[in-house]
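Hello,

Here is the structure I promised to pass on to you. Have a look at it first, and then read on for my notes.

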2 protein chains.
Amino acid sequence: MAHDDELRRLDSYWRAANYLSVGQIYLLDNPLLREPLKRRHIKPRLLGHWGTTPGLNFCYAHLNRVIRARDLDMIYVMGPGHGGPAAVANAWLEGTYSEVYPDVSFDERGMRRLFRQFSFPGGVPSHVAPETPGSIHEGGELGYSLAHAFGAVFDNPDLVVACVVGDGEAETGPLAASWHSNKFLDPVRDGAVLPILHLNGYKIANPTVLARIPEEELVQLLDGYGYHPLLVAGDEPASMHRKMAAALDQALDEIADIQRAAREHGATERRRWPLIVLRSPKGWTGPVEVDGKPVENTWRSHQVPLAGVCDDPAHLEQLERWLRSYRPEELFDDDGRPVAELRESAPAGERRMSANPHANGGLLLKPLVLPDFRDYAVQTGKPGTTTAEPTRVLGTFLRDVIRANPTNFRIMGADETQSNRLGDVFEATDRVFAAERLPTDEHQAAHGRVMEVLSEHLCQGWLEGYLLTGRHGLFNSYEAFVHIVDAMFNQHAKWLKVTRHLPWRRPIASLNYLLSSHVWRQDHNGFTHQDPGFLDVVMNKKPEIVRVYLPPDANTLLSVGDHCLRSRDYVNVVVAGKQPALNWLTMDEAVAHATRGIGIWEWASSDGGADPDVVMACAGDVPTLETLAAVDELRQTFPELRVRVVNVVDLMRLLPPSEHPHGLPDAEFDALFTTDKPIIFAFHGYPYLIHRLAYRRNGHANLHVRGYKEEGTTTTPFDMAILNDLDRFHLVMDVIDRVPSLGGRVAHVRQRMADRRLALRAHTREHGEDAPEIREWTWSY
Amino acid sequence: MAHDDELRRLDSYWRAANYLSVGQIYLLDNPLLREPLKRRHIKPRLLGHWGTTPGLNFCYAHLNRVIRARDLDMIYVMGPGHGGPAAVANAWLEGTYSEVYPDVSFDERGMRRLFRQFSFPGGVPSHVAPETPGSIHEGGELGYSLAHAFGAVFDNPDLVVACVVGDGEAETGPLAASWHSNKFLDPVRDGAVLPILHLNGYKIANPTVLARIPEEELVQLLDGYGYHPLLVAGDEPASMHRKMAAALDQALDEIADIQRAAREHGATERRRWPLIVLRSPKGWTGPVEVDGKPVENTWRSHQVPLAGVCDDPAHLEQLERWLRSYRPEELFDDDGRPVAELRESAPAGERRMSANPHANGGLLLKPLVLPDFRDYAVQTGKPGTTTAEPTRVLGTFLRDVIRANPTNFRIMGADETQSNRLGDVFEATDRVFAAERLPTDEHQAAHGRVMEVLSEHLCQGWLEGYLLTGRHGLFNSYEAFVHIVDAMFNQHAKWLKVTRHLPWRRPIASLNYLLSSHVWRQDHNGFTHQDPGFLDVVMNKKPEIVRVYLPPDANTLLSVGDHCLRSRDYVNVVVAGKQPALNWLTMDEAVAHATRGIGIWEWASSDGGADPDVVMACAGDVPTLETLAAVDELRQTFPELRVRVVNVVDLMRLLPPSEHPHGLPDAEFDALFTTDKPIIFAFHGYPYLIHRLAYRRNGHANLHVRGYKEEGTTTTPFDMAILNDLDRFHLVMDVIDRVPSLGGRVAHVRQRMADRRLALRAHTREHGEDAPEIREWTWSY
């Protein structure tokens with residue numbers, strides 16, 4: 001039980017945080033109101049979100065109490081991260097802000113700076129952001145707080161994440177799905193999430209759904225999600241402090257009890273984790289009315305409740321009253337530092353939520369112990385004559401990565417890990433599943449390194465939370481469905497971009513996507529499953545953050561996979577096939593090729609290292625197959641034609657070096673592609689992407705790209721290539737059309753190619769499968 | 001109560017549908033098993049999803065019973081649309097399939113064709129798809145069934161949508177959020193959705209969450225979502241038929257009761273709508289075991305349970321037993337037609353779910369009654385001297401569109417309609433909100449034309465359902481957050497692409513996006529809210545489907561808005577500002593400009609209609625502003641410089657005509673942009689997009705694009721332009737760098753521009769707002 005005196009101090013702390021929050025939104029100067037408030041003390045542009053802020057501060061103050069009382073290792077995820085002032089205010093109150101940003105000192109001068117910089121050009125963002133100490137959660141796009149919180153506690157048995165879920169955010173799909181994360185939490189080896197559903201009733205301009213259903217229905221919903229809801233409701237601070245303190249004590253007792261039962265007594269039954277419902281007014285403690293309209297406890301308090309302070313003396317006066325209502329003179333000493341009582345209310349050192357190393361995961365990051373990927377190499381023989389399933393081969397490597405890193409590496413997948421043929425990982429681990437398990441289940445267990453749920457949002461959110469707290473992982477997805485998390489990828493890439501300029505944020509493991517079951521091999525599923533456009537989304541983010549790899553075969557995938565698991569602060573996208581496909585490179589060749597990222601395949605070329613007549617470029621497994629088959633055909637048909645084969649693994653090599661650190665210098669690009677010869681480029685994705693990357697190159701005018709042009713259905717692999725003019729025969733026709741030295745004498749060859757396409761298409765439509773000459777084709781040279 | 005005889009007939013119908021489903025997955029020939037099954041009767045590639053199919057068929061048969069008993073106007077949305085064979089089988093059984101596709105006749109020959117075409121090259125997809133009669137829901141990407149179902153019943157008071165939600169799909173975020181759609185349904189003017197949560201227990205390779213929580217918890221969850229769950233569980237067909245019939249009768253009684261109370265007795269309390277939980281085995285009635293492993297009621301029945309029938313005689317034999325277990329000889333007559341009893345079990349005409357016109361919404365589409373958009377014109381005066389808020393102006397037009405179309409036009413938005421300054425619509429309507437309303441609420445009502453929920457997924461899903469059933473609408477969103485529905489956009493665009501080739505699918509209204517609060521004006525919110533990349537996603541879809549408009553001012557937005565509301569079968573993306581911005585065009589000029597989509601602004605140009613020295617191109621409101629300000633500066637500084645201003649409204653005009661129907665012929669492109677003069681292009685989005693569109697143009701080598709390069713934070717509008725080198729001074733510098741005739745003599749001008757940028761940046765950082773010379777700038781000429 002919290003003492004009255006403790007609650008009184010807690011209230012002071014809350015008032016201080018509220019005061020600092022309002023100050024950030026409004027004040028340019030006079031931070032401690034040592035003189036009457038004047039127009040010149042006010043910012044010219046008033047920006048920020050007050051509405052959610054006092055509730056976030058309320059929780060922060062109460063969490064500090066229990067952290068100190070129980071010596072908790074706790075971080076705070078603020079779903080309503082629009083309330084950026086709250087996070088900044090508390091970090092400053094705890095002293096962390098001044099430690100991280102010494103310019104913003106722990107005194108009146110620093111407070112002025114703290115206020116001025118907020119949402120000010122050259123200052124800090126208005127939301128919780130990478131710049132905010134103590135945060136792993138950006139406050140812009142809503143919906144991911146709870147998934148981040150769960151990601152953070154996986155494999156962190158001693159960590160508790162307090163996660164405030166806004167009732168606006170709670171309407172989003174990703175958040176609605178996230179409640180079920182408790183079916184994937186192991187009370188023995190994972191920590192605990194304490195969700196605080198904050199019903200302040202309003203969004204920007206609307207009431208919220210969960211605040212407007214009967215309490216009985218809300219409780220049913222939260223019960224149904226598998227939680228034990230504890231209700232805290234009201235608006236009178238003193239009684240709210242008592243209720244919140246009691247609820248938090250109960251919640252933490254319940255968490256401790258669940259963990260003790262599981263850890264010490266081997267309890268295996270899934271228990272209901274506690275959850276707090278905090279129903280408090282939006283804009284709590286702010287202006288009750290402005291210009292005769294209700295503001296507190298309405299959507300009008302969402303942003304800046306007194307918008308007229310620059311022009312309206314009455315507003316200015318009301319702002320001053322509001323600020324003084326927190327009694328700053330009791331809260332800050334003559335130097336502008338929080339008084340001793342407040343300073344002592346904050347936890348110490350790394351127990352401060354703003355300074356907890358879990359919220360700066362790079363501090364805790366340990367490199368993965370990686371087996372030598374070369375040991376998993378496929379024996380290839382002559383190029384293009386043996387086959388392997390690339391992702392299955394990678395799965396053997398990942399299996400041993402799991403074995404060597406039993407507590408800091410996880411694989412996420414939307415029910416597709418087996419389908420993507422990574423199934424060998426189940427020799428080393430299971431899928432986590434905390435709901436009921438049946439004897440007929442396979443590889444479902446209370447603990448495991450593979451997390452599967454039919455929600456790309458959850459996979460992504462969990463993995464982000466896991467990485468941001470200093471661990472490693474991989475998200476495997478069907479290629480088309482990774483678009484479901486386009487927006488989440490964008491936000492994570494933005495986060496990484498900003499952290500690059502924050503030296504105190506230590507590098508974290510890269511977010512690795514393995515996209516399989518890709519556009520060209522959706523034999524079962526058809527058009528809805530055919531979309532290689534995630535690469536285009538990725539390319540829009542800052543070049544220093546993103547990497548895209550298209551390994552053409554199993555050995556190259558191994559090399560790329562190893563590289564990605566070692567990298568930091570990137571988003572790596574690897575596109576790889578799962579179907580049996582020809583091997584092109586020995587392990588040594590694959591390492592060299594993957595390291596260069598792009599290169600001439602001399603063994604496939606017929607230009608003798610000299611000037612070619614045509615460059616056949618390819619990126620992606622199916623385009624590589626079709627290109628090589630086309631080259632084979634060309635070499636047989638036109639022995640004198642000098643063909644050069646260039647394969648691209650690292651797509652960023654195509655960009656100029658001014659645009660991407662991997663960009664190939666122009667001279668090297670020209671040496672590979674020539675400046676004057678036709679280039680037929682067979683690409684895995686939408687063809688425009690290659691033009692977008694290469695439009696500045698000298699040879700660009702000669703570049704002709706084939707790729708996916710949004711044609712498809714449930715059909716055979718070769719029929720897919722034909723539908724999109726990516727097939728070997730069309731590539732030969734492209735060469736014929738573009739190499740003038742072949743002249744008119746080749747019209748009959750062109751016709752033969754066209755006829756073979758038609759015949760093969762007819763065969764497929766007759767027999768329901770590709771002709772043997774396609775299925776069994778191997779490289780001749 | 002259903003009679004035993006009725007249930008016996010119903011079982012026959014179910015067996016027939018199951019037989020036809022298995023036949024589709026396996027059989028090339030011998031469709032009625034008139035001879036023993038042989039290897040040659042089997043498809044070489046076995047593709048399809050059996051697991052969910054018998055459950056879908058079970059529901060279909062039962063729904064048919066109640067449709068007939070109650071003369072219901074009902075359509076069927078199959079969330080687990082992987083069970084494509086079910087939809088096809090029932091459409092054929094009802095005769096619809098043969099009416100739509102006469103080649104697939106209603107006899108043995110047709111049945112053979114039906115089987116053969118399924119998931120066969122040149123045939124039909126394996127999922128429920130646009131090709132499937134009776135469907136408004138594509139069965140590929142999971143999560144949108146319930147939102148589609150609700151969208152379909154809005155403003156369709158007599159329609160009931162039965163929506164099967166798979167327990168896999170139920171794990172997705174969009175579906176989890178969709179349950180709350182019942183808070184947005186008006187029992188008076190909307191129809192009813194009957195969700196059938198189908199717990200068959202497994203996904204591809206995993207158990208499902210909802211099937212593995214205690215029934216009590218599941219009931220709490222569904223209660224908490226505001227439904228009244230009716231449970232139907234078991235695996236013994238006869239008893240399951242009785243339970244399902246009783247549950248359906250009860251559900252439809254409850255629906256009728258809720259509707260009667262609201263419609264006839266004016267009841268306003270939100271009631272619990274019924275929901276059926278159907279717990280039946282995955283792969284029900286299929287092989288119980290294969291090769292000693294359990295298949296029925298496990299994930300192993302997900303796709304093709306007997307995968308070895310081509311090679312393994314035992315499998316072939318087991319398949320034949322399985323097929324014969326449905327007793328086809330009782331179900332089909334000598335011609336292969338369903339026996340009379342079955343034919344009579346199906347509803348008649350448009351009551352058949354496969355033939356219901358709501359599932360082919362174009363049949364019901366009525367054009368909008370549109371007021372003359374010219375009446376809402378802003379009076380402009382001299383170009384670039386007066387201001388308007390473009391979306392606010394559009395809002396006045398939309399207000400009257402709503403008034404003129406009170407039952408078939410809705411606006412969706414994620415709590416952003418007011419923020420996007422479309423607030424004038426609330427003069428004509430309210431926001432729909434069926435949860436508790438308080439006296440302090442504004443514009444919340446049981447019925448209204450604006451739907452706001454903090455879920456882009458719901459907005460998009462509802463609108464898709466609404467459009468696909470033949471109505472009209474608009475989705476307004478913050479530009480950055482529309483990425484949340486990238487994947488849903490992709491799927492809808494794919495749907496439209498396929499329907500283009502299905503003449504029986506009548507054109508529907510376009511899906512219109514209004515993207516405001518865009519990348520350049522996120523003064524409040526910063527970096528997370530800055531992302532113009534949706535345009536890149538859109539460009540990847542089939543050109544005949546997608547349109548992108550960037551009206552530079554209010555009048556042009558009106559013209560574009562009107563055009564979009566009249567269009568059919570497109571996705572229109574309109575990007576427009578909400579902040580006060582300069583007006584450039586009179587209404588007449590705006591109409592002419594929007595109609596051409598691209599054009600020279602002679603009044604702004606100084607080339608006298610002759611050969612320019614430089615082309616200043618722009619697309620988007622902020623880029624247009626900065627371009628005109630740069631041109632103003634150029635004309636003052638270099639009076640002899642011949643500058644041409646080209647503004648682009650319709651981005652597709654930049655593509656070659658071979659690539660897009662709007663593509664400008666090369667000669668016209670050259671006439672606008674020249675082939676040899678520098679083009680400085682200021683673009684709203686990521687600059688690469690312009691290169692991607694224009695790389696084939698003659699003048700492409702001279703094209704220099706400025707746009708958003710992923711730099712931003714919470715800052716002023718002009719600071720955003722500077723951060724991304726899109727500001728007027730940088731554009732002037734770009735001209736100086738690229739127009740050789742200006743020569744070395746201009747070094748001092750370049751320096752002056754650079755200095756002004758620095759000075760203005762410093763001003764902004766000092767004062768927190770842009771300098772007056774920026775804020776108050778107007779066009780001089």
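Before the first finding, a word on angles: a helix axis here is a line fitted to C-alpha atoms over the stretch in contact, and angles run from 0 to 180 degrees between N-to-C directions. Please also keep in mind that this is a predicted model.

Let me start with two helices of chain A. The axes of H2 (residues 53-70) and H9 (residues 237-265) in chain A come within 10 Å and cross at roughly 45°. Angles under 35 degrees count as roughly parallel and 65 to 115 as roughly perpendicular, so H2(A) is oblique to H9(A). The crossing of H2(A) past H9(A) is right-handed. From H2(A), the residues involved are A:His62, A:Arg65, A:Val66 and A:Arg70, and they meet A:Met244, A:Ala245, A:Leu248 and A:Leu252 of H9(A). Sorted by class, this contact has five nonpolar, one polar and two charged residues.

Next, a sheet in chain A. It is open, has five strands in the order E18-E20-E19-E21-E22, and its pairing is mixed. At the edges are E18 (598-600) and E22 (703-706) of chain A, each pairing on one side only. From one strand to the next, the twist averages 20°. E18(A) runs antiparallel to E20 (residues 643-648) of chain A, and three bridges join them; A:Ile598 has A:Val648 in E20(A) as its bridge partner. Two helices of chain A pack on this sheet: H19 (residues 621-637) touches E19, E20 and E21, while H23 (residues 728-738) touches E19, E21 and E22. The direction of H19(A) makes about 155° with that of E19(A), and the direction of H23(A) makes about 160° with that of E21(A).

In chain B, have a look at strand E9 (residues 409-413), where five of the five residues are buried.

Finally, the two chains touch: the contact takes 99 residues from chain B and 99 residues from chain A. On the side of chain B, the residues divide into 31 nonpolar, 39 polar and 29 charged.

Best wishes

Terms used: Residues are numbered from 1 along each chain as its sequence is written. Chains are lettered from A and ligands numbered from 1 in the order in which they are written. This is a predicted model: local features need pLDDT of at least 70, side-chain atom pairs count only at pLDDT 80 or more; totals for chains, interfaces and linings use all residues. Helices (H or I, at least four residues) and strands (E, at least two) are DSSP runs, numbered from the N terminus. Angles under 35 degrees count as roughly parallel, over 145 as roughly antiparallel, 65 to 115 as roughly perpendicular and the rest as oblique. A crossing is left-handed if the near helix is turned anticlockwise from the far one by less than a right angle, and right-handed if clockwise. Two residues are in contact if their C-beta atoms, placed from the backbone, lie within 7 Å. Ala, Val, Leu, Ile, Met, Phe, Trp, Tyr, Cys and Pro count as nonpolar, Asp, Glu, Lys and Arg as charged, and the others, Gly among them, as polar. Two strands pair if DSSP finds at least two bridges between them. A residue is buried if 20 or more other C-beta atoms lie within 10 Å of its own, exposed if 12 or fewer, and partly exposed in between; C-beta atoms are placed from the backbone.
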